[in-house]
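I opened a new page for this structure.

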Amino acid sequence: MSRARFAQRFPGAIILPWEGTWPTIADDAFVAPGAVVIGNVTIGSKSSVWFQTVVRGDIAPITIGERSSVQDCTVVHVNTDAPTVIGDDVTVGHSALVHGTTVHDGVLVGMGAILMSYSEIGAGAVIAAGALIPERTHVPENAVMVGMPAKQRDELDEQQAQHL
């Protein structure tokens, strides 16, 4: 896709290639004005990337699944050997940092949380606002993680998970 086509679809967003690779953005996805999406990035159906967010797939790929929301001022980046994968139905809160990690389906990442490289966030987990998930941490499914560094405080039961 050309720069002009992206500019028409997402006015005010900065969508650029990196080393000849353009982002792939689903027809029904939303990229807000002021957001930056660059390089090897795939954004799935009905997903959204909000104001002042940076999604930079320069040295490894970034995949954002379907119906996921990456909210204002978030930074999504990678390591050369650690792509970032954000699953389906994920909410990444304002000003989070998601770096070289795998976030499985249905996760809630709180505002200002930091997910470091090589970490893996299990499906349905909740990462509290301001929490730090250190490198190589494995967060179990439905875990509630709180603090710096984050520790598991609780586990969502089936009813709680349904409400998210």
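**Rings and backbone**

I began with a charge and a ring: R136 lies over the face of Y118, 4.2 Å from the ring centre. I keep in mind that this is a predicted model.

Next I looked up ring pairs. I note each pair by two values, the distance of the centres and the angle of the planes. How many aromatic pairs are there? The count comes to 4. I took F6 and F10 from the list of pairs. Their ring centres are 6.4 Å apart and their planes stand at 25°, so I log the pair as stacked. The cut-off for stacked is under 30 degrees. I then checked accessibility, and both F6 and F10 are buried.

I moved on to W50 and F51. Here the centres are 5.9 Å apart and the planes are at 50°, so this pair is tilted.

W22 does: F6, F10 and W22 form one aromatic cluster.

Then I turned to the strands. I found β19 at residues 143–146 and β20 at residues 151–155. They pair in the antiparallel sense, over 4 bridges. Which residue of β20 is the bridge partner of A143? I traced the bridge to E155.

The bond from M148 to P149 is cis, with omega near -5°. P149 sits in the loop between β19 and β20. I noted this bond because most peptide bonds are trans, and most residues other than glycine have a negative phi.

One is N142, with phi near 60°. I placed N142 in the loop between β18 (138–139) and β19. N142 counts as partly exposed, at 22% relative accessibility. The cut-off for buried is under 20%.

Q52 is another, with a positive phi of about 65° although it is not a glycine. Where is Q52? I found Q52 in the loop between β5 (48–49) and β6 (54–64). At 48% relative accessibility, Q52 counts as partly exposed. The cut-off for exposed is over 50%.

Key: Residues numbered from 1 in each chain as written. Predicted model: local features only at pLDDT ≥ 70, side-chain atom pairs only at ≥ 80, totals over all residues. Heavy atoms only, no water. Pairing = 2+ DSSP bridges. Helix = DSSP H or I, 4+ residues; strand = E, 2+ residues; numbered from the N terminus. Phe/Tyr/Trp six-rings, centres within 6.5 Å; stacked < 30°, edge-to-face > 60°. Buried < 20%, exposed > 50% of the residue type's maximum accessible area, 1.4 Å probe, protein only. Lys NZ or Arg CZ within 6 Å of the ring centre and 35° of its normal.
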